[in-house]
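Subject: Structure handover

Hi,

Here is the structure you are taking over. Please open it before you read my notes.

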Amino acid sequence: MSGRVRIAVARRFLPGCLPVVVLLAIAVDRPAFAVDRFPLALKDDRGVAVRLAAPPHRVVSLAPSLTEIVFLLGRGGSLVGVTRFCNVPAAASAVPKIGGVSDPDVERIVALSPDLVLCTTDGNPRDKVRALEEMGIPCFAVAPQNLDAVIAAIERLGVLLGAADRGSAEAGALRRRARLARRSSRDAEKPAVLFVVSTAPIIAAGEGTFMDELVSLAGGRNVAARYSGRYPRLSVEELVAARPDVIFVAGMTGVERFPEEVTRWKEVPAFRDGAVITLDGDLVTRPGPRLVTALERVSAALADWRAGHPKAPAESSGGKR
Amino acid sequence: MFPVLAAALLGALALSASTGPVPISFRAAFDAIFRGTDDTAARVLLSLRLPRALLGALVGGALASSGVAFQALLRNPLADPYILGVSGGAAVGALSVALFLSADASPLLPLCAFGGAALSALAVFLLSRRRSGVSPERLILMGVVVGAFLNAVIMLMVTLAPPGKIPGALYWLMGDLGLGTPRRVAVLFPYVALGTVLLYLLSRGLDLLLLGDHAAFQAGLSVERVKTATYLTASLLAGSVVAVSGLIGFVGLIVPHGARVLVGSGHRRLLPAAFLLGGAFLVLSDTLARAASPAGELPVGAVTALAGAPFFLYLLRRNGRRS
């Protein structure tokens with residue numbers, strides 16, 4: 001091809017292509033585009049616009065899930081204060097403590113002179129967050145209610161912390177893993193599942209909890225969803241009546257075991273078949289990146305159950321198939 | 001009156017045994033009890049519902065008897081193991097066992113709760129003693145003070161305990177029959193039997209105490225010995241109950257008044273009546289707690305407080321009309 005022809009082609013097509021190329025670049029690079037725009041203003045889950053002049057260097061996290069996300073984004077070094085429950089990753093334990101999730105010490109936080117406080121509307125007391133804001137400390141509240149929102153929050157915090165590329169990359173990876181774990185359960189038998197956060201007394205995860213979502217994403221049926229309240233307390237008889245096929249036990253800290261007087265109910269398929277599975281408590285209760293790991297575990301356990309019950313009695317899974 | 005009360009208790013037990021998420025037909029229940037069938041319905045009935053109902057009857061009866069004793073002892077209608085700080089002491093004793101020994105319901109638990117109850121009762125007694133003797137008003141006042149202090153100790157223990165060491169402590173503290181297993185009934189039974197029989201033997205003394213210390217002494221009663229025995233026995237009852245089923249309020253305060261309306265204030269009649277009435281009341285409250293709650297289970301202590309106050313008012317009004 002001669003030089004003249006090449007130029008002619010360029011002359012004909014370039015003017016039309018240019019806007020498309022620019023738009024494409026913006027669309028692909030949007031998070032990075034936003035990072036370049038520090039100072040930035042980002043609305044948090046309360047609807048409050050948080051303004052940052054530069055990427056924050058002194059960050060306080062008021063929830064274990066948020067601490068995990070900050071480390072995931074590679075910004076763990078910017079943390080100057082975390083709660084006493086922040087134990088993942090191991091490096092989080094070395095960060096100075098500012099109290100608990102429900103009782104953060106405002107004075108201690110102010111003394112750390114943070115340029116950003118990450119909080120949640122679910123566990124952190126609203127008036128303490130307000131007190132921090134009145135002292136001129138920007139507070140960014142995140143309160144994801146389901147797995148998709150958790151992953152979206154990771155992306156948003158990436159932008160906020162000046163690690164947008166890392167944020168979208170990690171979010172993409174998590175979305176892929178979640179999709180994979182979810183797909184394995186499509187069009188299969190739905191086992192009755194009970195997710196227990198305490199075994200004595202028996203307290204189950206009901207509707208509206210992350211555990212409830214994990215069960216339905218993994219293709220199970222949460223038998224505690226019919227009780228009102230997020231964490232209904234069940235009697236042994238209610239457990240027997242619900243006849244769960246699989247029971248997950250998730251202690252808040254350390255796993256308590258079912259007392260013997262409960263497990264001897266062989267009418268409950270999960271006890272009869274030994275399908276009582278222990279999960280790390282903070283894996284399934286923290287709205288952080290490891291929720292995807294929890295989904296993978298729950299999904300794998302239910303897949304195991306299906307493998308052992310190719311034609312399970314579908315008496316109460318009406319509507320399926 | 002006693003056949004009526006006994007029938008009420010039996011009715012409450014039957015109602016409680018027929019309420020629950022697993023459907024049990026009358027025939028299945030009959031077979032389970034008299035023919036020893038062994039299906040799910042039978043096992044639910046025999047090892048969950050009946051023990052729970054029996055536990056409710058024991059706990060309610062013991063609390064009511066203990067309330068009768070304290071009210072006679074202090075000649076004060078507001079006396080009750082709860083208000084006197086005795087329940088608080090028992091809770092501290094029971095929590096100490098769970099914290100320092102083992103969280104299991106060992107037969108030791110009621111004993112330590114009794115120890116806590118007796119110690120706090122003794123503290124109240126000594127604190128309110130003056131040269132002129134022990135005045136009922138001062139006893140109540142000191143009971144409230146000691147009770148508040150013990151509540152703080154309970155909160156400290158629950159907050160500072162290592163996680164998982166006292167599982168379900170909050171539910172237990174709200175009063176809970178949820179762990180009514182045959183074993184717990186067996187653990188509690190000797191304590192309650194011993195306590196109620198002792199109180200019954202003391203009933204003549206309790207009658208005399210109502211006349212006042214001086215008159216009782218004149219009537220030939222060794223006042224101090226009867227008082228000490230009553231105090232210890234009532235503490236034993238309240239303590240053992242708290243150890244097994246936590247802090248259930250209102251029963252010890254209200255039921256004695258109800259029983260008094262029904263059978264008068266002679267203790268030989270009052271004590272058994274209060275026991276039956278207390279048992280029926282708590283079993284019904286527990287049935288209500290299980291049946292009415294959409295969120296799994298309610299702590300029975302919440303229901304006794306909710307159901308107790310209107311019942312109390314009704315009895316007061318009825319009483320007023322009659323006299």
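Below is what was found in it, chain by chain and pair by pair.

First, the ground rules. This is a predicted model, where local features need pLDDT of at least 70 and side-chain atom pairs count only at pLDDT 80 or more, while totals for chains, interfaces and linings use all residues. Residues are numbered from 1 along each chain as its sequence is written, chains are lettered from A and ligands numbered from 1 in the order in which they are written, and side-chain values use heavy atoms, leaving out hydrogens and water.

**Chain A overall**

Chain A contains 13 helices and 12 strands. Both are DSSP runs numbered from the N terminus: helices are H or I with at least four residues, strands are E with at least two. Of the 321 residues in chain A, 48% are buried. Buried means under 20% relative accessible area, exposed means over 50%, and partly exposed lies in between (1.4 Å probe, protein chains only). Now look at contacts, meaning heavy atoms within 4.5 Å. Take those in chain A between residues at least 6 apart in sequence: 62% join residues at least 24 apart.

**Where chain A meets chain B**

Here 21 residues of chain A contact 25 residues of chain B. The area buried between the two chains is about 2,000 Å², and carbon and sulfur atoms give 54% of it. Buried area is the accessible area (1.4 Å probe) that two parts lose on being put together, summed over both.

Two salt bridges cross this interface. A salt bridge puts a side-chain nitrogen of Lys or Arg within 4 Å of a carboxyl oxygen of Asp or Glu. A:Glu267 and B:Arg43 form such a bridge, at 2.8 Å from N to O. Which parts of chain A each supply at least two residues of the side that touches chain B? They are strand E10 (233-234) and helix H9 (236-242). H9(A) gives the most, with five residues. The touching side of chain A divides into 10 nonpolar, three polar and eight charged residues. Ala, Val, Leu, Ile, Met, Phe, Trp, Tyr, Cys and Pro count as nonpolar; Asp, Glu, Lys and Arg count as charged; the others, Gly among them, count as polar.

**Salt bridges to find**

Over all chains, the search finds 22 salt bridges. One of them joins A:Asp45 to A:Arg156, with the closest N and O atoms 3.0 Å apart. A:Asp45 sits in the loop between strands E1 (40-43) and E2 (49-52) and A:Arg156 in helix H6 (residues 147-160), so the pair ties together parts that are 111 residues apart in sequence. A:Asp45 is partly exposed at 38%. A:Arg156 is partly exposed too, at 24%.

A:Arg290 bridges to A:Asp282, at 3.5 Å between the closest N and O atoms. Is A:Asp282 buried or exposed? It counts as buried, because its relative accessibility is 13%. Shared partners link A:Glu68, A:Asp282, A:Arg286 and A:Arg290 into one salt-bridge network.

**One last residue**

A:Ala307 lies in helix H13 (residues 291-308) of chain A. A:Ala307 counts as exposed because its relative accessibility is 65%.

Best wishes
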